[in-house]
Every structure is written in structure tokens, then in C-alpha cells.
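Please brief me on this protein model in plain terms.

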Amino acid sequence: MFESEFLTPTQEDKDRYQRLVSEAAQIVCTSLPEPPYSGKNSATLADLIRTDFLPDAASTSEQIAATLRTVVSNSVAVNHRNTVAHLHCPPLLAALAAEVVISALNQSMDSFDQAPIATVVEQKMIRWLCARAGLPATSDGTFTTGGSQSNYMAMLLARDTFLQRHWNWSAQKSGLPPEARRLRIFCSEVAHFTVEKSASQLGLGTDAVVRVAVDENFRMSPAALQESLQTSHAAGLLPLAIVATAGTTDFGSVDPIPELASLAQAAGAWLHVDAAYGGALLFSAQHRVKLKGIESADSLGIDFHKLFWQPIPCSAFLLRNSRHFDSIKLNADYLNPEAHEEEGIPNLVTTSLLTTRRFDALKLWISFQTLGRDKLAAMIDRTVELARHSARVIRDTPRLELLSEPQLSTVVFRYMPSQAAVDSDQINAALRQRLFDRGLAVIGHTRVHNRQALKFTCMNPTMTEDQMDELIGLIVSEGVAIESGRERRA
Ligand SMILES: *Cc1c(COP(=O)(O)O)cnc(C)c1O
């Protein structure tokens, strides 16, 4: 009764595998919602999923297909032109095909004997990425699950290095010394919330994070950083790390990395560059210059499940000096015995927070190979151009207010109600919700200068100017409809 449940050397199983993969792809192709979302709320979805997950006996293939169709048709279509909310990308076809291979091979990156060629591919790709970022030959890195994990790793290694260097203290062995409460991490007001999350998880506490003021373009102000550093120094606090953001999530702003690098060096602080979003500019001939200074980072993170159009997860953490990985290293006899190190057998568990881990490097490699350098650059540049186009249209639309010049591929703006008396925060929040509930568009929201704002995150390089104009028109007409609905009720 166990035959045919696995990919085995028999021809029947191989045929069945190919058929199943093709049928699954077909369900995706025929059931993705158009418009981008079914509009169902969580209670309605919960009603759809009234099920005993494990049936007594196997379901028919029709029943299984129906399950998959329910899931696909109630997902957000990430490839739809009106899905512009988050740094949440439509995945490349090449990467989807590579995912089939990654899953089927099921290599696990923790030890060489579970992932021989995968280990070599990942190692080489990491070193290649380090070189692209301008890091020296001492550098190394690892694939991670995302920018959050990369930020966490950066703060972890920065913390351990600081404790070792200043107090000859091993956090790995002894936990935190009492003086650790004096450590401070500096990042901008609009840096990612996972800086605090990391500090809290690392026993430093969110109070250890000092938020530094930004300029009118939402870039960290070096003068403000210098002042913060001086104030903390005067209070007996110690600068553990400075986090520069290359591409903030809401504004796409890139902190002035060279200036922050000098300040970090003078203060003896670790410089981490959170390039989860803006790291893509490394591959843009036109915008690469915005990342000037990234080569001085002690560590950096780049997400490939954002502007590189990879299926989740795909992300890298790069480290200037591979020696700093030592603080997270532990040996397990069954995976990475010390004898392997002497023999030069690479077991990547030593450089990761995880043990079992996917071979995500493959899909990135296949995607790079499929696109080529020029096309990848053109796709990245196109998202920047789309954001600029939408900013121009928003500026020229009387009912809309542009809140910041786009710097990468995000645009933040507001709908302005016709009467000053109405609560415009409420209208903007309602507008986004209404588009989602009607399934017409999935747009972003955030707060800018403490006001409710709408956001586009342009992730789809195939979107045209006309489609963007249409989406903006839709937003205006929904705003007007909400206002007139309120009038009628009033
Ligand atoms: C997206 C993002 C993160 C978090 O990355 P995940 O991949 O979602 O974990 C961190 N920093 C910045 C600037 C981001 O844009």
C-alpha cells in the first residue's frame, strides 16, 4: 500500500510525479483571482475551512484539487498589477521551476553529506555576492529566511564581538554580563522594527535601541547621529552598533552610508547595513551609486524575495570577517564534528542560526542565468521608474497629496477629502480597506508624520503607466464614493 507515494526509480512513479507537478501548476494558472483578491474577510475564510484536516481515508483527486482551488482563489494574486501593498513580489517563472527541483532534491544545507553540490553552490554564491558588495576576501555569509533574520544575526554577532573585545567575555558560554545594559544600537527613526525585535530577543531590551532623526528625505542625519553618540557617551553608554538602512520599507530612503561608516569607525561600533530592500541596487547600473559606502559594512542583509522576484524565502546575510561567525558555532557530533573541519569538509550549519535549511541559492542562480545582468538591471530600474511616474501623477491629481519624493520603488501619499471637517485619517484607512474588501486592489498603508497614509510598493516591472494611472483613478473614485456615502448617512 506504500507504492507510488514517493519519487522512486520506477517509471510509474516518475510519470506520476511529473503529472502531479503539472496539475498543481495548472490549478494555480486557472484559479488565481482576477481582480487580485476575493475580498473575503477572515470569518468568511474560516467558514470555508471547516474541516477535519486528516480524513480517515484518502480523498479523491477531485477533492484534493478542490482544496487547492479554494486556497489559490482566496489568496492575494501577487502577480496582479493592482497588488502594490508590500515588498511582496510576483515570483519569476524561472525561480518557480527551480523550486520544483529544490523541493524534489530536498537537500539540507546543514551538512555536506546532506547537500554536497548545494553546499558548494551556496558557498560560492555567497562569496560572489560578497564581492559584488565590495566586501574583502575575509568575508563570508549565509542564506537566511529574510531581512528579519539577517538583522537579528547582525545584532547577535555585533553583541558577541563587542563583549569579547571589550570584556573578554563569551556570551555563548556565560550569557550577558551586567554591563550589557549599557550597550546601545543606533538606527534611524524609519529603520525596520526588527532592530528593536532583535535587541529584545538578544537580552539587550528595546531600550537599547536609539532612534536617530532623519532629514526631509527620511535618511538618517549624520549630525543627529553624532549628537546621539555624544549624548550616550556622556551618559556612560556604549555604542554597540549602527544600523544604516539602504532602502527603508516605507520610503525607499538610503541612509548616507559613508558618513555613518566614519562615525561607526570613530565610535568603535559595528556597522550593519540593512539592504533588505535596497540591496537590489547593487545590480542596477543606474542606481548602484546610491549604495556607495556599503563596502565598509561589518555585515549586511539583502532580500531576494523582494526586488529579485524570488519565492519566499530567499535572502542573504553577508559578514565582513568570517571569523565573527565563531561566536555562534557549536559542534554536533552527528553533523559537523571537529574532525571534518580539520579535513576541510564544509558543514554550513556552523554559519547559520538554523539546522535543517533549504537550498535557496539554486533558484537565485537559475533566475540570474535566465535573465542575464542587463535584464535584471532593467527590471529593477523599471520599478523605480514606475514609482516616479506614479508620484508625478499623484502630484498632479487635486484629490491626492504626495508625502515624499520616491527614492526607490515606493510612493507614499494621501487622499484629501473635499471638506476639511472630515477625519481624513479615517477616510484614508477606509479607502484602503474598501479596495481590499471589494478585491479591487491591494494597496499599502503606513503613517507619515503621524498621519494615515497610503502606499504603493511597485514590485511588478511589467505594470504599464496606463495601468498605474487607472489604479490612481480607482483610488480617487473610491475616496469620493466613501465621502459621498458618509454625507448620505449624515
Ligand atoms: C523587508 C524588510 C526587512 C524584513 O525582511 P523580511 O525578509 O521580511 O524578514 C528588514 N528591513 C527592511 C528595510 C525591509 O524592507
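Leaving aside neighbours within four places in sequence, Asn428 is in contact with Arg414, Tyr415, Gln452 and Leu454, where contact means heavy atoms within 4.5 Å. This is a predicted model, in which local features need pLDDT of at least 70, side-chain atom pairs count only at pLDDT 80 or more, and totals for chains, interfaces and linings use all residues. Residues are numbered from 1 along each chain as its sequence is written, and side-chain values use heavy atoms, with hydrogens and water left out.

**Asn428**

- Asn428 sits in helix H14 (residues 424-437); helices (H or I, at least four residues) and strands (E, at least two) are DSSP runs, numbered from the N terminus.
- Asn428 counts as buried because its relative accessibility is 1%; buried means under 20% relative accessible area, exposed over 50%, and partly exposed in between (1.4 Å probe, protein chains only).
- The side chain of Asn428 reaches the backbone oxygen of Ser424 at 2.9 Å. A polar contact is a pair of N or O atoms within 3.5 Å; within protein, one must be able to donate a hydrogen and the other to accept it, and residues adjacent in sequence count only if both atoms are side-chain atoms.

**Ser198**

- Ser198 belongs to helix H8 (residues 194-201).
- With a relative accessible area of 2%, Ser198 is buried.
- Not counting residues up to four places away in sequence, Ser198 touches Asn151, Tyr152 and Met155.
- The backbone oxygen of Thr194 is reached by the side chain of Ser198 at 2.6 Å.
- Ser198 and Val209 are 11 residues apart along the chain, and their C-alpha atoms are separated by 9.8 Å.

**Nonpolar cores**

- In soluble globular proteins, nonpolar side chains tend to be buried together.
- A nonpolar core is a set of buried Ala, Val, Leu, Ile, Met, Phe, Trp, Tyr and Cys residues joined through side-chain atoms within 4.5 Å.
- The largest nonpolar core has 65 residues, of which Leu225, Val273, Leu300, Phe304, Phe308 and Leu318 touch the most other members.
- Helix H5 (residues 116-132) gives the most to this core, contributing six residues.
- Domain 2 (108-370) and domain 3 (373-489) each supply at least three residues to this core; the domain bounds come from an automatic or database domain assignment.
- Leu225 touches Phe186, Val212, Met220, Ile242, Leu260 and Leu263, when residues up to four places away in sequence are not counted.
- A second, separate core has 29 residues, including Leu163, Ile185, Cys187 and Trp270.

**Aromatic rings**

- The whole structure holds 12 aromatic pairs. Rings of Phe, Tyr and Trp (its six-membered ring) pair if their centres lie within 6.5 Å; planes under 30 degrees apart count as stacked, over 60 as edge-to-face and the rest as tilted.
- One of the pairs is formed by Phe308 and Phe368, which are edge-to-face at 6.2 Å centre to centre, with 65° between the planes.
- This pair links distant parts of the chain, 60 residues apart: Phe308 is in the loop between strand S7 (299-303) and strand S8 (315-319), and Phe368 is in helix H12 (residues 361-371).
- Phe308 is buried, with a relative accessible area of 1%, and Phe368 is buried at 16%.
- One aromatic cluster is formed by Trp128, Phe143, Phe283, Phe304, Phe308 and Phe368.

**Ligand surroundings**

- The ligand is surrounded by 15 residues, and the closest are Ser148, Asp274, Asp303, His305 and Lys306; a residue is near a molecule or strand if one of its heavy atoms lies within 4 Å of it.
- A nitrogen atom of the ligand lies 2.6 Å from an N or O atom in the side chain of Asp274.
- An oxygen atom of the ligand is 3.0 Å from an N or O atom in the side chain of Thr249.
- For Lys306, an N or O atom in the side chain is 3.0 Å from an oxygen atom of the ligand.

**Backbone details**

- Glu34 and Pro35 are joined by a cis peptide bond, with omega about 0°, and Pro35 is in the loop between helix H1 (11-31) and helix H2 (42-48).
- Ile312 and Pro313 are also joined by a cis peptide bond, with omega about -5°, and Pro313 is in the loop between S7 and S8.
- Trp309 lies in the loop between S7 and S8, and its phi is near 60°, a positive value in a residue other than glycine.
- Trp309 is buried, with a relative accessible area of 1%.
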